[in-house]
Amino acid sequence: MSTLTILQRGEPVLSAISKPILNIDSAEIKQLIIDLKSTVALAKGVGIAAPQVGKSLRLFIMCSAPSERYPDAPLLAPSVIINPEITHTNNEQELGWEGCLSVKGKRALVPRYTRIEVKFLDESGIKHTQTLTGFLARIFQHELDHLDGITFIERLDDESDAIDEQQWRNIISPDKTATKT
């Protein structure tokens with residue numbers, strides 16, 4: 001198991017459409033899955049896509065858990081998502097805070113569908129169809145965007161709508177050191 005370098009916005013692979021995985025059982029794909037799980041755990045992310053580590057393949061990991069980056073995240077064991085598709089949405093979107101391992105130090109309110117129906121293969125090649133809502137739907141859409149060459153910054157009306165991490169921390173958890181009267 002090794003930790004891979006997470007590429008930053010501006011790398012060409014992050015703006016390219018990824019290729020479908022044809023041989024899930026290949027040694028390369030098996031190792032990539034292991035390395036992605038290790039990399040996202042070390043980075044304390046809730047998801048990571050293959051393009052973020054330089055592999056233009058339709059694969060991502062979802063692994064939600066409460067953390068400093070996402071204090072209200074629900075628990076989800078690491079899930080391997082291969083060749084994903086959104087098959088239906090409820091057309092209702094809401095704004096939610098997002099950050100990205102490939103856009104260090106930035107946060108923004110990003111519109112995402114609140115309910116999506118998806119299909120994908122797992123690491124054993126088993127086909128799944130699921131309905132996702134809330135934060136898990138947000139993670140799926142964010143990671144799927146990576147497979148289509150999009151970062152959350154491209155979802156904003158204006159790039160200047162993104163704020164830095166410290167500003168975001170002050171918004172979600174104002175300084176509790178103020179003197180009480």
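## Cores, sheet and rings

A: In this predicted model, the largest nonpolar core has 18 residues, and those with the most contacts inside it are Ile21, Leu32, Leu36, Ile48, Leu59, Ile61 and Ile82. At least two residues of this core come from each of α1 (27-43), β2 (59-62) and β3 (79-89), and α1 gives the most, with 5 residues.

Q: Which residues does leucine 59 contact, leaving aside its neighbours within four places in sequence?

A: With those neighbours left aside, leucine 59 is in contact with Ile21, Leu32, Ile33, Leu36, Ala49, Ala50, Pro51, Val80, Ile81, Ile82 and Leu147. Apart from the core described above lies another, of 17 residues, among them Ala73, Ala137, Ile139 and Leu144.

Q: What is the strand order of the open sheet, and how are its strands paired?

A: The open sheet has 5 strands in the order β1-β2-β3-β6-β7, with antiparallel pairing. Its edge strands are β1 (47-49) and β7, since each of them pairs on one side only. Neighbouring strands are turned by 40° against each other on average, with direction ignored. On this sheet packs α1, which touches β1, β2 and β3 and whose direction makes about 40° with that of β2.

Q: What makes β6 and β7 a pair of strands?

A: Two strands pair if at least two bridges are found between them; 7 bridges join β6 (residues 115-121) to β7 (residues 127-133), so the two strands count as paired, and they run antiparallel. Within this pairing, isoleucine 116 has leucine 132 of β7 as its bridge partner, while lysine 119 stands opposite threonine 129 in β7. The hairpin of β6 and β7 has 5 residues between the strands, and in this hairpin glycine 125 takes a positive phi near 85°.

Q: How does the reach of helix α2 compare with the span expected at 1.5 Å a residue?

A: Helix α2 (residues 134-147) has 14 residues and reaches 21 Å from its first C-alpha to its last, which is close to the expected 20 Å. Just after α2, glycine 149 takes a positive phi of about 80°. As for its placement, α2 lies across β1, β2, β3, β6 and β7, running at about 155° to β2.

Q: Why is the pair of phenylalanine 60 and phenylalanine 140 called edge-to-face?

A: Ring centres must lie within 6.5 Å for a pair, and planes over 60 degrees apart count as edge-to-face. Phenylalanine 60 and phenylalanine 140 are 5.2 Å apart centre to centre with 80° between the planes, so the pair is edge-to-face. Phenylalanine 60 lies in strand β2 and phenylalanine 140 in helix α2, so this pair ties together parts that are 80 residues apart in sequence.

Q: How do you know whether phenylalanine 60 and phenylalanine 140 are buried or exposed?

A: Buried means under 20% relative accessible area. Phenylalanine 60 has 0% relative accessibility and therefore counts as buried, and phenylalanine 140, at 0% as well, therefore also counts as buried.

Q: Why is the pair of phenylalanine 120 and phenylalanine 140 called tilted?

A: Planes under 30 degrees apart count as stacked and those over 60 as edge-to-face, the rest being tilted. Phenylalanine 120 and phenylalanine 140 have 50° between the planes, at 6.5 Å centre to centre, so the pair is tilted. Phenylalanine 120 lies in strand β6 and phenylalanine 140 in helix α2, so the pair ties together parts that are 20 residues apart in sequence. Both phenylalanine 120 and phenylalanine 140 are buried, and ring pairs link Phe60, Phe120 and Phe140 into a cluster.

Q: Why is isoleucine 172 called partly exposed?

A: Under 20% relative accessible area a residue is buried and over 50% it is exposed; isoleucine 172 has 38%, so it is partly exposed. Isoleucine 172 lies in helix α3 (residues 165-172) and, leaving aside its neighbours within four places in sequence, is in contact with Pro71 and Trp97. The C-alpha atoms of isoleucine 172 and valine 53, which are 119 residues apart along the chain, are separated by 29 Å.

Methods. Residues numbered from 1 in each chain as written. Predicted model: local features only at pLDDT ≥ 70, side-chain atom pairs only at ≥ 80, totals over all residues. Heavy atoms only, no water. Helix = DSSP H or I, 4+ residues; strand = E, 2+ residues; numbered from the N terminus. Expected span 1.5 Å × (residues − 1). Core = buried A, V, L, I, M, F, W, Y, C linked by side-chain atoms within 4.5 Å. Buried < 20%, exposed > 50% of the residue type's maximum accessible area, 1.4 Å probe, protein only. Contact = heavy atoms within 4.5 Å. Axes fitted to C-alpha atoms, helices over the stretch in contact; angles between N-to-C directions. Phe/Tyr/Trp six-rings, centres within 6.5 Å; stacked < 30°, edge-to-face > 60°.
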